[in-house]
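Biologist: I would like to learn how to read a few features of a structure. Please start with what lies around a ligand.

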Amino acid sequence: MGKSERIDAGTGEQVLEVIDLETRFFTLTGVINAVRGVTFSLGKNEILGIVGESGSGKSITCLSAMRLVPTPGRITGGKVLIDGQDIMLESEEDLCLNVRGKKISMVFQDPLTALNPTYTIGWQMKEALDLHSGRATKMDDVRSDLIDALKQMNMPDSEDLLTKFPHQLSGGMRQRVVIAIALLLKPAILIADEPTTALDVTVQAAVLDLIVRLRDDPGMSVIIVSHDLNLIVERCDRTVVMYGGLILESASSEKIVTRPRSPYTRALIHCIPPLTEDTAAFNAIPGDAVDLAQPPTGCPFHPRCANRGSGCDDSVPDLAEIEPGHLVRCFYPESVA
Amino acid sequence: MIKYIIVRLALVVPTVFLLSVIVFATIHLVPGDPITVMFGIEGYYPEEVERIKKFYNLDKPIYWQYFVWLKQMATLDFGNSIVRGEPILPLITTRFPRTIMLTLGSMLVAIAFSVPLAMMAAKRHNTVIDVFISGISLTFISMPTFLLAVLMIMVFGVYLDILPTTTHRFASGSTWDVIKGLIMPCLSAGLVTSAGITRMLRTELVDNLHKDYVLFARTKGASDNRALVFHNLRNAVIATATLVGLELGYLMSGVIIIEIVFSYPGMGQLLLDGVTRRDYPIIQITVLIFALTFVVINFITDLLYSVLDPRIRYE
Amino acid sequence: MKRASTIFASLAIGALVAAIPATAQDAPKRGGSIVVSLNAEPTHLDNQLQTEKNIDWASKPMNAFLVRFNKDAVLEGSIAESWEVINPQEIRMTIRENVKFHNGRVMTAADAKASIDRVLNDPQAASVKNNVKSIALVEVNDDRTFTMHLSVPDSTVLGGLTAVAMVPIEVVEGQGDLKTNPVGAGPFMFKEWERGSHHTLVRFDEYFEEGMPLLDELTFVYQPEYGAEIASLRSGDVDIILWLNARDVVAWRDDSPRGIKLDDGGRSVMALHYFAFNLEREPWKSNEKLRLAIKYAIDRDEAAAIALQGTGPAKVSGIAKESPYYDPNWEYEHDLEKAKQLMIEAGYPDGLTVDHLVPKTPLEVPLAQAFQQQLARIGIKLELRVLEVPTFIDVWVRQRDFSTTTVGRESWNDPANIVEFFMHSEAPGNRWGFSNPDVDAWLEEARATFDFERRKELYSMVEQYRIDHAAPFIVATNGTRYAGLRDRIEGWISQRDIRYDFRNVWVND
Ligand SMILES: Nc1ncnc2c1ncn2[C@@H]1O[C@H](COP(=O)(O)OP(=O)(O)OP(=O)(O)O)[C@@H](O)[C@H]1O
Ligand code: SF4
Ligand SMILES: [Mg+2]
């Protein structure tokens with residue numbers, strides 16, 4: 001199936017709906033509004049990309065979707081529906097037992113740190129099983145399942161791997177292990193937060209392909225988070241552009257590339273770095289990324305925006321659907337060239 | 001690994017040898033000898049003192065005395081105490097376990113207090129609870145063990161009168177008496193020690209709170225507490241193990257004060273008594289045993305390290 | 001024939017009521033156990049080989065002696081039923097017939113001989129031997145009688161025998177270990193010794209004095225930390241602590257903590273704390289005026305007030321006012337003007353700097369500091385060298401490396417132990433290089449005579465000489481000892497010579 005055929009997949013059955021999500025950090029020096037009313041949804045078998053500069057609130061949005069905001073952060077508003085159920089209303093025990101890891105999983109940017117250095121791969125895989133079965137299973141009973149899971153991630157020599165410690169594996173291998181663990185209980189949703197940023201260029205594509213293939217086998221919905229617009233639009237059905245804790249634009253990836261309407265999205269496109277570039281390159285957009293502790297009034301992008309007009313620094317523009325499936329938050333959206 | 005252990009053990013021999021020379025030289029250089037001290041300010045009778053010194057070979061050159069002692073030690077004969085006139089070995093065998101009991105008991109107290117406190121503080125870091133726990137730790141860190149011990153005696157021994165202030169029942173008592181006798185000494189030494197461990201462990205735990213593997217465990221479905229214990233604490237402990245090893249060493253030396261304050265019949269008192277009475281054989285052996293224990297503690301800490309942290313394997 | 005009564009009189013020291021007035025009207029009760037705190041573990045429990053008071057305190061309840069000083073420091077028979085001084089070099093003693101050792105055997109005169117011989121021959125018994133060393137031979141006359149032949153006439157031997165514990169001959173001859181397994185004929189029997197912690201004694205039911213002791217059990221615990229001793233007394237874990245700090249004595253006199261009482265204290269009649277000169281060194285050797293300047297500059301009342309915080313008296317001699325040997329002629333007034341005048345006459349109008357050796361003890365350090373202040377008033381700068389006791393002994397006794405010093409001596413019952421011990425040219429306590437043929441002659445005669453009046457006269461002459469010439473030392477005070485007791489303790493007698501007696505102690509629960 002080609003990507004274009006899936007553009008409307010998101011309009012079908014929704015596996016994840018984030019509605020008006022607000023997350024704040026109550027630090028000693030003040031309140032940080034990390035996520036300021038974010039709404040988006042993820043359809044069955046859809047691949048959704050979230051793109052934005054560093055600090056724009058991508059990771060916190062994803063963690064909030066699992067109700068896992070680190071202290072001193074708190075979700076202060078909104079709903080997160082998984083399979084139509086609002087997880088904000090569920091008990092913490094329920095979330096641990098039935099939601100996290102089981103319905104929705106997440107993999108992190110840095111596979112070097114996502115695995116606990118003090119436990120074997122086998123232990124950490126088995127833990128995921130035990131957490132949901134509510135008992136400590138015997139290694140012998142689950143070994144073949146674990147090995148199968150690793151095999152599916154194209155891991156060679158899987159048998160041996162279970163007794164290895166993370167530091168004995170390469171970065172790419174580790175990320176595959178992390179993904180294998182995340183998928184162990186066959187969740188419907190996988191959030192991949194910059195899954196390849198920390199990896200060697202040579203293995204980045206392979207790991208990404210692996211993630212993208214999950215849509216078909218076993219049939220999942222995936223959110224890929226990245227700084228890298230190029231990477232996102234190439235692989236995702238739909239793209240959400242975030243800035244300053246807000247969604248500035250959301251549309252099919254094709255439209256984002258061909259007809260971006262937000263000045264911010266355009267700026268992003270113009271400074272797409274080469275694949276190897278590190279985070280620092282994103283500041284190639286003139287001016288500093290927004291400081292969420294003291295966000296500018298009005299449109300968060302206005303201090304840096306080339307299109308800025310009157311009223312931009314007064315109030316925050318609404319996220320408006322300017323054509324079906326294409327949402328933009330801007331008083332002066334770019335005209336369709 | 002085996003090779004590492006062998007090398008470490010082999011190093012103990014020259015260490016102990018060197019130490020024995022230093023101790024021997026030092027105690028003989030310090031003015032006063034057991035016989036003179038024994039007769040005290042009032043009862044010093046020069047001829048008698050010289051006669052007794054001759055009897056104990058204390059009139060011989062130091063190197064001669066050292067070699068005799070070394071020869072004796074080589075046959076594992078600890079010899080006799082000069083001022084007590086009785087064999088040293090039984091003195092050691094009854095007291096050494098008591099000091100170990102006190103040291104380990106104190107460490108147990110330290111850990112029993114510091115782990116939950118550090119976890120509580122880390123979980124609620126930057127809240128009132130955290131600040132409160134930090135405050136308590138700081139108080140204990142800056143409090144001399146001696147002072148805490150005295151306070152403890154005044155409160156539990158005198159005011160509440162629920163714990164014994166003497167150890168005569170402890171020394172020949174039932175298990176319950178032994179436990180009662182250990183409570184205050186272990187608490188005083190343990191609480192002071194726990195303060196340092198709490199602070200370090202709390203810092204480590206807070207540092208780890210946002211580590212990906214903790215968060216990843218949470219996304220796998222681990223509860224807050226499980227992630228804290230199995231993932232966060234497990235790693236924080238590695239960094240803290242060094243401190244615990246060090247603290248165990250400090251405790252060993254710190255128990256000397258504790259033993260004096262609580263009249264606890266352990267090695268520390270034996271050493272102090274030996275020093276004030278210039279009882280050379282006792283000083284030599286107790287110091288060596290303390291030193292050996294240090295070495296063993298260090299060694300065990302190192303080994304423990306490699307057990308705790310799979311990234312470290314001694315080659 | 002001189003009967004024992006003569007000796008009584010000759011060695012008697014003024015009768016002072018020493019017993020604590022009974023607070024309860026109850027008659028003494030048998031039974032019960034008490035705990036006494038010692039501030040150090042005794043190195044062993046062999047009373048004969050005692051080298052420090054601690055060993056005596058720890059082991060004396062297990063031992064019985066031929067004679068003893070009673071609470072008024074009057075010599076009386078204990079195991080000895082009677083004795084006679086046949087001539088100044090021969091004393092015959094008869095022992096009671098019902099004296100038993102803890103091993104069950106009845107004591108005979110042969111045991112007395114073996115016990116005395118052991119003290120004379122074992123070098124470790126030097127401290128005890130010093131007071132009986134004139135015994136040349138002990139002759140056993142029959143089961144209950146023996147005769148001591150003295151090498152020189154010596155009236156102090158009987159007093160010396162109060163420190164010679166009686167031990168069974170088979171243990172002495174069998175090289176039995178009395179250090180860790182003591183056997184005596186005393187009121188209490190050895191039960192156990194937990195090293196580093198305590199030792200426990202139990203009542204000896206066959207003790208020769210009817211109805212004694214009253215206690216079932218007597219435990220000594222070792223508490224090196226004074227604060228711990230006090231805490232134990234306050235909590236009642238300990239019933240008696242033997243030596244209270246002056247500070248606590250002062251505080252407790254008016255208002256003792258609940259459940260605690262002070263004994264009547266101040267019993268050390270023959271004790272002294274003094275400022276001494278090394279007479280082998282100049283300027284002390286030949287400059288008497290300088291020594292006298294110091295004598296008049298020292299304000300004994302002030303020094304005692306500082307060092308003892310008012311718990312002990314200022315003194316002019318080791319022989320206290322309460323003693324029958326005391327002579328009021330010794331007294332002199334502190335006189336700063338005279339001292340200043342003497343400084344000029346001595347050739348030191350601008351003063352001088354003096355080395356002063358001090359042992360690090362709770363009493364000597366403040367006393368030396370008081371001397372330092374007082375001598376500064378006549379331009380003498382005392383440079384204190386405070387040393388730990390073992391180091392002090394080494395420097396003071398062996399190296400004799402001192403110019404002046406502050407030292408003290410604990411309590412004794414016979415003036416010979418205080419006067420002769422320090423001033424005879426051959427005496428072990430003469431560490432000053434003091435030597436005067438007249439003084440030697442007086443001291444020797446005092447020892448040789450059994451006549452109280454003559455002894456008193458001779459010791460008075462010696463003390464007068466010492467005071468007039470300020471050599472070898474100037475006495476400032478005597479230390480005092482107060483014990484702290486739980487209220488339940490009855491029958492406690494504060495001993496003048498700090499040799500505690502537990503025979504009459506009982507608990508009033
Ligand atoms: N633990 C925390 N304490 C306080 N503020 C936090 C914390 N974590 C995140 N924030 C705030 O939330 C904002 C959003 O963070 P988030 O990690 O979601 O950014 P991101 O878009 O994922 O950036 P990056 O690309 O660097 O991962 C940050 O700018 C920061 O100010
Ligand atoms: S609202 Fe104004 S400032 Fe914001 S992006 Fe649009 S044009 Fe720029
Ligand atoms: Mg992020």
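Modeller: A residue is near a molecule or strand if its C-beta atom, placed from the backbone, lies within 6 Å of it. This is a predicted model, where local features need pLDDT of at least 70, side-chain atom pairs count only at pLDDT 80 or more, and totals for chains, interfaces and linings use all residues. Residues are numbered from 1 along each chain as its sequence is written, while chains are lettered from A and ligands numbered from 1 in the order in which they are written.

Biologist: Which residues are the closest to ligand 2?

Modeller: They are Cys299(A), His302(A), Cys305(A), Cys312(A) and Cys330(A), out of 15 that surround ligand 2. By type, the shell around ligand 2 has 10 nonpolar, 4 polar and 1 charged. Ala, Val, Leu, Ile, Met, Phe, Trp, Tyr, Cys and Pro count as nonpolar, Asp, Glu, Lys and Arg as charged, and the others, Gly among them, as polar.

Biologist: How many residues of chain B are in contact with chain C?

Modeller: Two residues are in contact if their C-beta atoms, placed from the backbone, lie within 7 Å. Here 45 residues of chain B touch 46 of chain C. On this side of chain B, α7(B) gives the most, with 5 residues. Helices (H or I, at least four residues) and strands (E, at least two) are DSSP runs, numbered from the N terminus.

Biologist: What is the order of the strands in the open sheet of chain A?

Modeller: Two strands pair if DSSP finds at least two bridges between them. The 4 strands run β2-β1-β4-β5, with antiparallel pairing. At the edges are β2(A) and β5(A), each with a single partner strand, so one side of each has no neighbour in the sheet. β4(A) (residues 73-82) pairs with β5(A) over 2 bridges, and Ile82(A) stands opposite Gln85(A).
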